Amino acid sequence: MRFTSNAQPSLLTVVKKYRDQEYLKPDWQRDDAWDKEKKRLWVNTLKEMAESVYDKKVTEVMLPGTMLIYNIIGDTRKFINDGLQRASCTYECYSKHRKEAEKILETIQINVQSFEYDSEEEARQCFVRLNYGTLCTSFEYGKTILSRLENYKIWETKIFQPLHEHMSNTIHRLIKKMP
């Protein structure tokens with residue numbers, strides 16, 4: 001693993017790179033893991049931060065936290081190893097409320113660190129180390145292991161994802177029936 005750069009682009013720049021697939025999701029990354037409440041809190045945080053700029057309390061706002069971007073040596077594609085939920089939630093809001101969101105996102109900066117790895121396995125191991133302490137479902141943890149398999153994407157979409165959704169829905173139905 002080699003650190004290659006540190007930058008502070010606007011969140012708008014990051015979201016556009018995510019939209020244009022300049023920043024990609026590695027196979028082992030969690031899909032849309034945030035519930036509606038967590039997304040709402042994130043969007044409110046962004047709005048509050050932007051209001052500080054609008055009220056001229058500060059000239060720029062730096063978002064807490066860092067996104068980690070990486071590429072594999074010899075491959076120019078960039079992947080998000082940490083910060084995918086923030087990027088995807090922000091993009092979801094941006095795509096629904098473009099004009100309002102653009103104004104907000106251009107006022108907020110985020111720290112983006114870039115790394116280069118020798119292999120996908122090294123990047124995957126870094127992801128696992130980063131997420132120790134983050135509550136992942138058994139499915140999400142298993143996904144980091146299963147993503148090593150040949151033809152993983154086919155298995156994920158045809159078997160693993162539908163099975164995970166079915167199990168999650170079943171658990172939620174059972175919880176609702178509890179006294």
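These exercises work through the helix packing, cysteines and backbone of one predicted model.

Residues are numbered from 1 along each chain as its sequence is written. In this predicted model, local features need pLDDT of at least 70, side-chain atom pairs count only at pLDDT 80 or more, and totals for chains, interfaces and linings use all residues, while side-chain values use heavy atoms, with hydrogens and water left out.

**Exercise 1. Confidence and content**

Task: State how confident the prediction is, and which elements the protein chain holds.

Solution. 
- Start with pLDDT, the predictor's confidence in each residue, from 0 to 100. Its mean over the protein chain is 84. A value of 70 or more is reached by 87% of the residues.
- Go to the elements. Strand β2 (residues 23-24) has the highest mean pLDDT, 96. Helix α6 (residues 138-146) has the lowest, 64.
- Count them. Helices (H or I, at least four residues) and strands (E, at least two) are DSSP runs, numbered from the N terminus. There are seven helices and five strands.
- Read the order along the sequence: β-α-β-α-β-β-α-α-β-α-α-α.

**Exercise 2. α2 against α3**

Task: Classify the packing of helix α2 (residues 36-54) on helix α3 (residues 84-96), and list the residues in contact.

Solution. 
- Axes are lines fitted to C-alpha atoms, for helices over the stretch in contact, and angles run from 0 to 180 degrees between N-to-C directions. The angle is about 75°, and the axes are 10 Å apart.
- Apply the classes: under 35 degrees is roughly parallel, over 145 roughly antiparallel, 65 to 115 roughly perpendicular, and the rest oblique. α2 and α3 are therefore roughly perpendicular.
- List the contacts (heavy atoms within 4.5 Å). From α2 come K39, W42, V43 and L46; from α3 come R86, C89, T90, E92 and C93.
- Sort by class. Ala, Val, Leu, Ile, Met, Phe, Trp, Tyr, Cys and Pro are nonpolar; Asp, Glu, Lys and Arg are charged; the others, Gly among them, are polar. The contact of α2 with α3 has five nonpolar, one polar and three charged residues.

**Exercise 3. Bring in α4**

Task: Describe how helix α4 (residues 98-105) packs on α3, then on α2.

Solution. 
- For α3 and α4, the axes come within 6 Å and cross at roughly 135°. That makes α3 oblique to α4.
- T90, C93, Y94, S95 and K96 of α3 meet R98, A101, E102 and L105 of α4. By class, this contact has four nonpolar, two polar and three charged residues.
- For α2 and α4, the angle is about 65°, with axes 9 Å apart.
- L46, K47, A50 and Y54 of α2 meet E100, K103, I104 and L105 of α4. This contact has five nonpolar, no polar and three charged residues.

**Exercise 4. Cysteines**

Solution. 
- Compare accessibility: buried is under 20% relative accessible area, exposed over 50%, partly exposed in between (1.4 Å probe, protein chains only). C89 is buried at 3%. C93 is partly exposed at 22%.

**Exercise 5. Backbone at Q21**

Task: Locate Q21 and judge its phi.

Solution. 
- Q21 lies in the loop between α1 (11-19) and β2.
- Its phi is near 60°, a positive value in a residue other than glycine.
- Most residues other than glycine have a negative phi.
- Q21 is exposed, at 59% relative accessible area.
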